[in-house]
Structure formats: structure tokens, C-alpha cells
Amino acid sequence: MADASQPEVILASASMSRARLLRNAGLDFTTLPAAVDEDEVKHAMRGAMAPPSDTAVALAELKASRISHSHPQAFVIGADQILECNGIWFDKPPDMDHARAHLLSLKGKTHHLSNAVCVAKGGTVLWHHVNQASLTMRPFDEAFLEKYLAEAGDAILSSVGAYHLEGLGAHLFSRVDGDFFSILGLPLLPLLDFLRNHKIGLHI
């Protein structure tokens, strides 16, 4: 239950993974996903030759500032993640056939995740952080892929890479370089540092 003496904190995301990370870290917050046309933003950023990291920041800030305008007294957390492999940007797969195609495109290759988080208040972005992780998928065979898809199920459709590294998705990889929390969807440690420094929403 939120402490009435603490400022309100809102997570502007529908991601269960991000909410779970914040909840496990002891943050009091409510969830209010921002309605943002991510495809339009990505198309515009790619047209401007922006790198994935800048696009992730732009999306995180847009989500946070949009909710922040309607809840000006709250501290609003926005986050986004862009997956890029050999110049191709991936979106969340809409169904299992697309998830299979994603994984076939990524297998045996190294892809990069640009992970951004920001905090806004009163429509103004107060802070942001971005980092990148590199993940190398092993060259698995078709039998493994079909078994993975069957056992992982529709839950992987919530992930841009069609995997959850904290679960069965770990079996897809031969090497992972980068912050574990960021790969799960949120650069948690820099965010917690910002929140502690501003005495926002934490039990400890």
C-alpha cells in the first residue's frame, strides 16, 4: 500500500516484467499505460537516421510526458526497448508464427537491445538513462525451436525478441553481455539510484 506521505509514482507501461521488477525492488506505484503510436515514432526516427538508442529514449520520454501532463503532481516512469539485428529493428511478434520467424532471424547472430528509462513530472522530463546489451543466440535446430515455442507459450509475445531471459529463453543463448535488469526491460539500478536520491516511493 502506498505511503500517503510519499509523492505518487506512476509506471507508464503495460509491461508485466517492468512492473514486477519495480514491485520486487520495493517501489510503491500505480500502472497507467500511455497510448503512444510506437510504429509512427519509429518510422519518423528511422527516417531521420536516428540510432536505436535515441529512439528508445524518445519513446520512453513520450510515454512518461504524456501521462505526466494528465497527472502533473506524480513522478512518471517511462521506459522502452529497441531490438536491432544487422540493421533490422524488431517489433513484438503478434502471434506465434511471427515469434518463430523472429527467432529464426536471430539464431546464430548477435543482436542488440537499446534500453531507456526516464522520469517526468508536470510534463517535463527530469532524468533519463540509456544503455545497450548484446546477446548472441546459439544456432539451435528446428526440433529445439518447436519445443521451446510449445513450452514457452504465448507469454513470449510480450517480448520484442520472443524470449524471457529469466525463464526458458536462457536456453536460446550462448553469450549475453549487458545489464540483466535492462534486458528484462528496465535499467533498474540507475532508476533506483535516481529515486533514492530524490526520496521517491521506496520502502528502504
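1. Helices (H or I, at least four residues) and strands (E, at least two) are DSSP runs, numbered from the N terminus. The structure is a predicted model, in which local features need pLDDT of at least 70 and side-chain atom pairs count only at pLDDT 80 or more, while totals for chains, interfaces and linings use all residues. Residues are numbered from 1 along each chain as its sequence is written, and side-chain values use heavy atoms, with hydrogens and water left out.

2. On the largest pocket: α1 (16–24), α2 and β3 (75–85) each contribute at least two residues to its lining, and β3 gives the most, with five residues. A pocket is an open set of points on a 1 Å grid over the protein atoms alone, where a 1.4 Å probe fits, with protein on both sides within 12 Å along at least five of seven lines; lining residues have an atom within 4 Å of a point.

3. The volume of the largest pocket is about 750 Å³, taken as the space filled by probe spheres set on the points. Its lining comprises 36 residues, and Ser-15, Arg-18, Lys-92, Ser-158 and Ser-159 lie nearest the centre. By class, the lining holds 17 nonpolar, nine polar and 10 charged residues (Ala, Val, Leu, Ile, Met, Phe, Trp, Tyr, Cys and Pro count as nonpolar, Asp, Glu, Lys and Arg as charged, and the others, Gly among them, as polar).

4. Helix α2 (residues 38–47) packs against helix α3 (residues 52–70) at an angle of about 140°, and the axes are 10 Å apart. Axes are lines fitted to C-alpha atoms, for helices over the stretch in contact, and angles run from 0 to 180 degrees between N-to-C directions. The two helices, α2 and α3, are therefore oblique to each other (under 35 degrees is roughly parallel, over 145 roughly antiparallel, 65 to 115 roughly perpendicular and the rest oblique). In their contact (heavy atoms within 4.5 Å), Glu-38, Val-41, Lys-42 and Met-45 of α2 meet residues of α3 including Asp-54, Ala-58 and Leu-62. This contact has five nonpolar, one polar and four charged residues.

5. Helix α4 (residues 96–106) and helix α5 (residues 142–152) also pack at about 140°, with axes 11 Å apart. That makes α4 oblique to α5. From α4, Met-96, Ala-99, Arg-100, Leu-103 and Leu-104 meet Leu-145, Glu-146, Tyr-148 and Leu-149 of α5; the contact has seven nonpolar, no polar and two charged residues.

6. Trp-127 belongs to strand β6 (residues 124–137). Not counting residues up to four places away in sequence, Trp-127 touches Val-117, Cys-118, Val-119, Pro-190, Leu-191 and Phe-194.
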